[in-house]
There are 2 protein chains.
Amino acid sequence: MRVWIISIGNELLIGKVVNTNASWLAKKLTVMGFRVERIVSIPDDEEVIIGVFREAIDNADIVISTGGLGPTFDDKTSEALAKALNRRWVLNEDAYKEVKEKFVSVGMELTEERLKMAKMPEGAVSLRNSAGVAPGILVRYDNKLVVALPGVPREMMAIFEDELEGILREIAPHKYYVEETVKIMGVPESTLAPYIDKLVKKYPTMYFKSHPKGRETGLSIIELHISTYTQDREKTMRETRRILDELRDIVARNRGKIVEK
Amino acid sequence: MRVWIISIGNELLIGKVVNTNASWLAKKLTVMGFRVERIVSIPDDEEVIIGVFREAIDNADIVISTGGLGPTFDDKTSEALAKALNRRWVLNEDAYKEVKEKFVSVGMELTEERLKMAKMPEGAVSLRNSAGVAPGILVRYDNKLVVALPGVPREMMAIFEDELEGILREIAPHKYYVEETVKIMGVPESTLAPYIDKLVKKYPTMYFKSHPKGRETGLSIIELHISTYTQDREKTMRETRRILDELRDIVARNRGKIVEK
């Protein structure tokens, strides 16, 4: 189950905002057994948004965007998504009720800008926003799931957890994600590399990734991350422990030490 | 001058690491007058890296990648870049000297894995890494600049500032980037929207973006970001001050207040 995440907003491309939304979503999805294959940050430009939505739908089973669902002129995601899907952009009844109720309950008028937050691609499901106004958008298209969430982290997380997570659980690959991270002190990454190569070949279903945290030619600290998806969590955890035993031997032979985190 | 940033590394796609490299680079480049049009995060997969490098070269004048330059099997950027450019992947003389010196000076042997860090696409310029071992890679291709930097933030920043920034300054559009951010309290974003629309039309060279920080139907706090590129910094700053005066009027009429940051 391949996922693309689309992060929409000029603030990401001028370096004003660090894309924590994408990493939060990526972690959530990974743990559920989905495979995030791409994260794309793009500006608030309708043509670009349409193009990237289409590319994502062509290449992934699930597409999740963040940003661009608010009331202002630079919030273009909903209409662009309708165009990408060749659907009309219409008032969604559930979204309309939700948005109207939120404004009316505090004595605010339902202006055109506010109504915009209730417009969605035809046939979309509105995802309730318990932390703000603009509802999320879910569209089933061609056996795929296309979801648009707001860019405000608090609202994005609330809609994901309240509304989306349950829907995703139903289609999740029912696989577990198992990971283990160890810190290796005193063995340069380049010394470790050929040993890791051998482990990669010996355990082909495991993914190994080393992150240098110290200095290659000074005090070397390497964070080694071992991870995999599995149907059988117990068996995989035993395998992971065997790998860690082998690693301990390798590191000891190279006069380093291993610290489990 | 359009820029694409390519962030390479599975750790980004499983949500283990937040992509601060991309936002750091985006800010640096924006301030120099470049326009970052896309940030793409992809896994350590050679075919994917080749494909995205080619797409980036087709769509941008400057392509900068981070990650995948180390000594291990999962460091695939350099060889993938050579393939993307249809160039041979060869030992770079300057890189070889730098890498060799770094290992030899601490009494370490130059193994195959270590030598890998000195291999680059044919014709590349090696960018010295003062904070680690793996040099950066710069390739001039088809009037475009393709640069690969390490993923370790300290090393990425060191190479950018020591080696790359000077080269980029020479081709920078000599435009200034002017920005102003104000905080607007007590006016909902949806109330402000039609006024902002008018300002957008009145000042077409200015980019307006509002970031809701409070609650639309509760205490509303909006950060309004006004920015533009210009050749004439003084004139643009005067214009920005005029816009702020108009904004102050609008906000006051809607019983809110404005706080300059």
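Biologist: With which side chain does the side chain of A:Ser41 make a polar contact, and at what distance?

Modeller: The model is predicted, with local features requiring pLDDT of at least 70 and side-chain atom pairs counted only at pLDDT 80 or more, whereas totals for chains, interfaces and linings use all residues. Residues are numbered from 1 along each chain as its sequence is written, chains are lettered from A and ligands numbered from 1 in the order in which they are written, and side-chain values use heavy atoms, with hydrogens and water left out.

The partner is A:Asn19, whose side chain lies 3.4 Å from that of A:Ser41 in a polar contact. That term stands for a pair of N or O atoms within 3.5 Å; within protein, one must be able to donate a hydrogen and the other to accept it, and residues adjacent in sequence count only if both atoms are side-chain atoms. A:Ser41 itself sits in strand β2 of chain A, where strands (E, at least two residues) and helices (H or I, at least four) are DSSP runs numbered from the N terminus. With a relative accessible area of 4%, A:Ser41 is buried; buried is under 20%, exposed is over 50%, and partly exposed lies in between, using a 1.4 Å probe and protein chains only.

Its surroundings involve both chains. Leaving aside neighbours within four places in sequence, A:Ser41 is in contact with A:Ser7, A:Leu12, A:Leu13 and A:Asn19 in chain A, and with B:Glu37, B:Arg38 and B:Ile39 in chain B, contact meaning heavy atoms within 4.5 Å.

Chain B and chain A each bring 67 residues to the contact, and the area buried between them is about 5200 Å², of which carbon and sulfur atoms give 56%. On the side of chain B, the residues that lose the most area to chain A are B:Ile14, B:Phe73 and B:Thr217, together 11% of what that side buries; buried area is the accessible area (1.4 Å probe) that two parts lose on being put together, summed over both. Between the chains there are also six salt bridges, each a side-chain nitrogen of Lys or Arg within 4 Å of a carboxyl oxygen of Asp or Glu. In one salt bridge the side chains of B:Asp44 and A:Lys209 meet, at 2.8 Å from N to O. Residue pairs in polar contact between chain B and chain A, both at pLDDT 80 or more, number 15. Helix α8 of chain B (residues 189–202) supplies eight residues, the largest share of the side of chain B that touches chain A.  That side divides into 30 nonpolar, 18 polar and 19 charged residues, where Ala, Val, Leu, Ile, Met, Phe, Trp, Tyr, Cys and Pro are nonpolar, Asp, Glu, Lys and Arg are charged, and the others, Gly among them, are polar.

A:Thr66 lies in strand β3 (residues 62–66) of chain A and is buried, with a relative accessible area of 4%. Apart from neighbours within four places in sequence, its contacts include A:Ser7, A:Asn21, A:Leu149 and A:Met156. Elsewhere in chain A, A:Val133, in the loop between β6 and β7, is buried as well, at 3% relative accessible area.

A last pair of residues shows the opposite setting. A:Asn86, in the loop between α4 and β4 (89–91) of chain A, has a positive phi of about 55° although it is not a glycine, and at 65% relative accessibility it counts as exposed. In chain B, B:Asn86 also has a positive phi of about 55°, and B:Asn86 is exposed, with a relative accessible area of 64%. Helix α4 of chain A (residues 77–84), by contrast, is mostly covered, since six of its eight residues are buried, among them A:Ala80 and A:Leu81.
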